[in-house]
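Please look over the chain shown here before reading the report on its fold, surface and confidence.

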Amino acid sequence: MNDREKLHRKKMAAPIVITVLLVLYYIIYFGVLIALIGHAAALLLGIIPLALGAASIYVCVQRIKEIKGGEEDDLSKY
């Protein structure tokens, strides 16, 4: 593995870790809703965390594609 690949892996670590932590938080939040409120109401309230988790995963995938494409610093375009 060359230095460029190592740099890409390091830059991909942060978005992946943050995404995993966010999704775990949303899963725990949804579990608490089900435990406290009940299944029917929790399903309605769980739509928002589900949507946020899906959006987080989508953004993480896009960021990984940017990093692999050589655009490590996404703020450089502004």
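| Element | Residues | Mean pLDDT |
|---|---|---|
| Helix 2 (lowest) | residues 39-45 | 74 |
| Helix 3 (highest) | residues 47-68 | 89 |

Where pLDDT is low, the predicted coordinates should not be read in detail.

The protein chain holds 3 helices and 0 strands, which follow one another from the N terminus as α-α-α. Of its 78 residues, 21% count as buried, while the accessible surface of the chain amounts to about 6,000 Å², with 70% of that area belonging to carbon and sulfur atoms. Among contacts in the protein chain with a separation of 6 or more, 59% join residues 24 or more positions apart.

Helix 1, which spans residues 3-36, packs against helix 3 at an angle of about 175 degrees, and the axes of the two lie 9 Å apart. Because angles over 145 degrees count as roughly antiparallel, helix 1 is roughly antiparallel to helix 3. Helix 1 brings residues including M12, I16, L22, V23 and Y26 to this contact, and helix 3 contributes, among others, L52, I57, C60, I64 and I67. Taken together, the residues of the contact between helix 1 and helix 3 comprise 13 nonpolar, 4 polar and 3 charged.

Key
Residues are numbered from 1 along each chain as its sequence is written. This is a predicted model: local features need pLDDT of at least 70, side-chain atom pairs count only at pLDDT 80 or more; totals for chains, interfaces and linings use all residues. Side-chain values use heavy atoms; hydrogens and water are left out. Helices (H or I, at least four residues) and strands (E, at least two) are DSSP runs, numbered from the N terminus. Buried means under 20% relative accessible area, exposed over 50%, partly exposed in between (1.4 Å probe, protein chains only). Contact means heavy atoms within 4.5 Å. Accessible areas come from the Shrake-Rupley method with a 1.4 Å probe; for residues, only the protein chains shown count as cover. pLDDT is the predictor's confidence in each residue, from 0 to 100. Axes are lines fitted to C-alpha atoms, for helices over the stretch in contact, and angles run from 0 to 180 degrees between N-to-C directions. Angles under 35 degrees count as roughly parallel, over 145 as roughly antiparallel, 65 to 115 as roughly perpendicular and the rest as oblique. Ala, Val, Leu, Ile, Met, Phe, Trp, Tyr, Cys and Pro count as nonpolar, Asp, Glu, Lys and Arg as charged, and the others, Gly among them, as polar.
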